[in-house]
Amino acid sequence: MDRVSTSQTSPIAFLKGHGTENDFVIVPDPDNAVDLPAPTVAKLCDRRAGIGGDGLLRVVRSAAHPEARTMAEEAEWFMDYRNADGSIAEICGNGVRVFARYLQRAGLVEVGDLAVATRGGVKKVHIAKDGDVTVSMGRALLPESGVTVTVDGRSWPALNVNMGNPHAVAFVEDLDHAGNLLSVPPFSPASVYPDGVNVEFVVDRGERHVAMRVHERGSGETRSCGTGACAVAVAAARRDGADPSVTGAPVTYTVDLPGGRLVITERPDGEIEMTGPAVIVAEGHIDPVLFT
């Protein structure tokens, strides 16, 4: 099917959703017909001149998207995720939960298990009857190279955790030490993350219970970050001497974010599961002026 030009005059349907207040513009586009270049995505995600969101989820059939066709047999639907500045990202954990909630709302899937294709691979999802959504986020990679993060004259070592996208996790004494997080927290050496990084600042709240703030690359500080919460749970477990692959026992951490709470479990096989809410709050049509 031919793609729709960004100079079009016909409105395009959208929904708005959030997962622990990490919010997204959702654009249903099953046939991969709508062209959404970076400037248009940035307009849609603008909180004053657009709809507003930390990112955009385009809902496309895997078979219709060149980046997802190889996953079509495993997952019917592909989450084409964009950051708020329009840049393309590999994966967004909260986004997967909201994506699954949209599919359920639209009658495309039912409560229970499903698979979602992403640039970070196929993710297994479970929609519970109580409303929570669990996403199998894959395994964390822990590259040996780390960085030092510096904010307002304070510096901390940050653990390098890759969840399909890169994270630098720093344990701090107070979340206010993270500063305003409007810009990327300086880190060195810069060569460790040539394509940018999500930076998490973490404090302890209790046994296997932490709180965090995050600067997401391309979006700034967000109310929640699913892959970031997973990275934080893995970093906290290693700091605390817990490694399920060694002990054979799963490890669960509660992670509080500004927008809510996620529960993260790392299993002995390395698989990480993230559980939390996902809500659709509005739907409508995008004025064609945003596509000009």
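**Exercise 1. Identify the residues that line the largest cavity, and sort them by class.**

Step 1. The lining of the largest cavity consists of Tyr81, Asn83, Ala89, Ile91, Cys92, Gly93, Asn165, Asn198, Glu216, Arg217, Cys225 and Thr227. A cavity is a set of points, on a 1 Å grid over the protein atoms alone, where a 1.4 Å probe fits but cannot get out; lining residues have an atom within 4 Å of a point.

Step 2. The model is predicted: local features need pLDDT of at least 70 and side-chain atom pairs count only at pLDDT 80 or more, while totals for chains, interfaces and linings use all residues. Residues are numbered from 1 along each chain as its sequence is written, and side-chain values use heavy atoms, with hydrogens and water left out.

Step 3. By class, this lining holds 5 nonpolar, 5 polar and 2 charged residues. Ala, Val, Leu, Ile, Met, Phe, Trp, Tyr, Cys and Pro count as nonpolar, Asp, Glu, Lys and Arg as charged, and the others, Gly among them, as polar.

Step 4. The largest cavity holds about 80 Å³ of space, a volume being the space filled by probe spheres set on the points, which are joined across faces, edges and corners.

**Exercise 2. Describe the second largest cavity and the elements that supply its lining.**

Step 1. Ala233, Val234, Ala237, Val251, Tyr253, Ile264, Thr265 and Glu266 form its lining.

Step 2. Helices (H or I, at least four residues) and strands (E, at least two) are DSSP runs, numbered from the N terminus.

Step 3. The classes are 6 nonpolar, 1 polar and 1 charged.

**Exercise 3. State which backbone oxygen the side chain of Arg97 reaches, and where Arg97 is found.**

Step 1. Arg97 belongs to helix 2 (residues 93-105).

Step 2. Arg97 is buried and has no salt bridge; Asp132, the nearest side chain of opposite charge, is 6.9 Å away. Buried means under 20% relative accessible area (1.4 Å probe, protein chains only). A salt bridge requires a side-chain nitrogen of Lys or Arg within 4 Å of a carboxyl oxygen of Asp or Glu. Lys and Arg count as positive and Asp and Glu as negative, with His and the chain ends not counted.

Step 3. The Arg97 side chain reaches the backbone oxygen of Pro277 at 2.7 Å.

Methods. 1 Å grid on protein atoms, 1.4 Å probe; cavity = no way out; pocket = protein on both sides within 12 Å on 5 of 7 lines; lining within 4 Å. Buried < 20%, exposed > 50% of the residue type's maximum accessible area, 1.4 Å probe, protein only. Polar contact = N/O pair within 3.5 Å; in protein donor to acceptor, adjacent residues only side chain to side chain.
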